[in-house]
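Work through the exercises below with the structure open beside you. Try each task before you read its solution.

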Amino acid sequence: MARPAPIICLAHGSRHPQADKAVFEIADRISASTEVPAFAAFLDFHPATLTTVAHRVAAEGYTEVVVVPLLFTRAFHARHDVPATIAEAAQSIDATLSASAGLTLHLADGLGTGADMEELVADVTAQYLADAPRIDKLALYSVGSSQPGANEAVAEFADRVGARLNMRSTRAFVATGVHPGCDTDALLDFADERTVTVPLFVSPGLLWDKAKNRMPHGRTCTRHLGAAVAPVVINRACRALA
């Protein structure tokens with residue numbers, strides 16, 4: 001019987017000292033819950049590139065692997081970096097392995113901002129707020145993108161998460177935004193004592209740390225999503241292979 005295709009969790013990568021650990025924890029959670037091998041790979045800032053990990057998978061005798069980008073929008077990284085990295089890994093495999101021992105890389109959809117991610121972020125936030133009944137405002141903080149429509153998609157996502165949580169007011173903010181109302185200063189103006197700020201980050205990030213460190217003492221912030229995204233990654237992998 002053929003072995004199930006492993007899953008590669010492809011993250012952007014970060015200079016943050018704790019970021020890599022979070023991605024490996026996602027892969028470990030997937031392996032533990034499915035008994036399917038899962039690996040962490042990075043577009044940047046880490047030696048575990050997709051090409052390196054693909055060769056490792058091929059060396060273990062697999063002929064297929066599914067790559068799930070840990071990205072929330074169809075912005076520059078999803079449209080350009082990920083396909084280029086897939087092509088580079090495939091070319092490297094083809095150049096070093098025989099045709100009978102090749103590896104097919106299936107590219108899955110990223111995490112996105114669909115209904116399952118909406119439910120996940122709302123559930124994670126609700127659990128965090130179980131002992132904070134006075135919170136009735138939601139601020140969603142993301143990296144941001146210059147790709148048309150990407151920030152708007154995240155803003156719509158924030159509204160849907162806020163509706164699930166019955167928030168009185170919801171706003172989305174982007175770390176790299178330059179427009180009024182979309183930068184960190186605007187977040188600090190919005191996030192009062194009744195606000196929970198939720199980072200739309202898979203792992204810890206320098207941008208999120210900078211925003212958090214500027215917040216007045218006593219403000220409520222959740223943590224990065226981490227291994228909580230594992231079920232969504234599994235779903236994306238299954239859909240890609242179906």
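Helices (H or I, at least four residues) and strands (E, at least two) are DSSP runs, numbered from the N terminus. Keep in mind that this is a predicted model.

**Exercise 1. Cysteines**

Task: How many disulfides does the structure hold?

Solution. 
- Step 1. Recall the bond. A disulfide is a covalent bond between the sulfur atoms of two cysteines.
- Step 2. Apply the cut-off. The two sulfur atoms must be within 2.5 Å.
- Step 3. Give the count. The structure holds 0 disulfides.
- Step 4. Cys 9 has 0% relative accessibility and is buried. Cys 221, at 13%, is buried too.

**Exercise 2. The surroundings of Ser 14**

Task: Describe where Ser 14 lies and what it touches.

Solution. 
- Step 1. Ser 14 is in the loop between β1 (7-11) and α1 (19-34).
- Step 2. Buried means under 20% relative accessible area. Ser 14 has 17% relative accessibility, so it counts as buried.
- Step 3. Look for a polar partner. A polar atom of the Ser 14 side chain lies 2.9 Å from the backbone nitrogen of His 16.
- Step 4. Leave aside neighbours within four places in sequence. Ser 14 then has contacts that include Asp 44, Phe 45 and Pro 204.

**Exercise 3. Aromatic pairs**

Task: How many aromatic pairs are there, and how are the rings of Tyr 141 and Trp 208 arranged?

Solution. 
- Step 1. The count comes to 3 aromatic pairs.
- Step 2. The ring centres of Tyr 141 and Trp 208 are 5.7 Å apart, with planes at 45°, so this pair is tilted.
- Step 3. Tyr 141 is in strand β5 (residues 137-142) and Trp 208 in helix α7 (residues 206-214), 67 residues apart.
- Step 4. Both Tyr 141 and Trp 208 are buried.
- Step 5. Turn to Phe 173 and Phe 190. Their centres are 5.6 Å apart and their planes at 50°, so this pair is tilted.
- Step 6. Phe 173 lies in strand β6 (residues 169-174) and Phe 190 in helix α6 (residues 184-190), so the pair ties together parts 17 residues apart in sequence.
- Step 7. Check burial. Phe 173 is buried at 1%, and Phe 190 is buried at 10%.
- Step 8. Find the charge. The charged end of Lys 137 sits over the ring of Phe 190, 4.2 Å from its centre.

**Exercise 4. Salt bridges**

Solution. 
- Step 1. Side chains of opposite charge can pair when their charged atoms come close.
- Step 2. Note the total. The whole structure has 11 salt bridges.
- Step 3. Asp 116 and Arg 236 form one, at 2.7 Å from N to O. Asp 116 lies in helix α4 (residues 115-128) and Arg 236 in helix α8 (residues 230-241), so parts 120 residues apart in sequence are tied together.
- Step 4. Asp 116 is partly exposed at 26%, whereas Arg 236 is buried at 5%.
- Step 5. Glu 118 meets Arg 164 in a salt bridge of 2.6 Å, N to O. This pair links helix α4 to helix α5 (residues 150-164), 46 residues apart.
- Step 6. Widen the view. Glu 118, Arg 160 and Arg 164 are linked in a network of salt bridges.

Terms used
Residues numbered from 1 in each chain as written. Predicted model: local features only at pLDDT ≥ 70, side-chain atom pairs only at ≥ 80, totals over all residues. Heavy atoms only, no water. Buried < 20%, exposed > 50% of the residue type's maximum accessible area, 1.4 Å probe, protein only. Polar contact = N/O pair within 3.5 Å; in protein donor to acceptor, adjacent residues only side chain to side chain. Contact = heavy atoms within 4.5 Å. Phe/Tyr/Trp six-rings, centres within 6.5 Å; stacked < 30°, edge-to-face > 60°. Lys NZ or Arg CZ within 6 Å of the ring centre and 35° of its normal. Salt bridge = Lys/Arg side-chain N within 4 Å of Asp/Glu carboxyl O.
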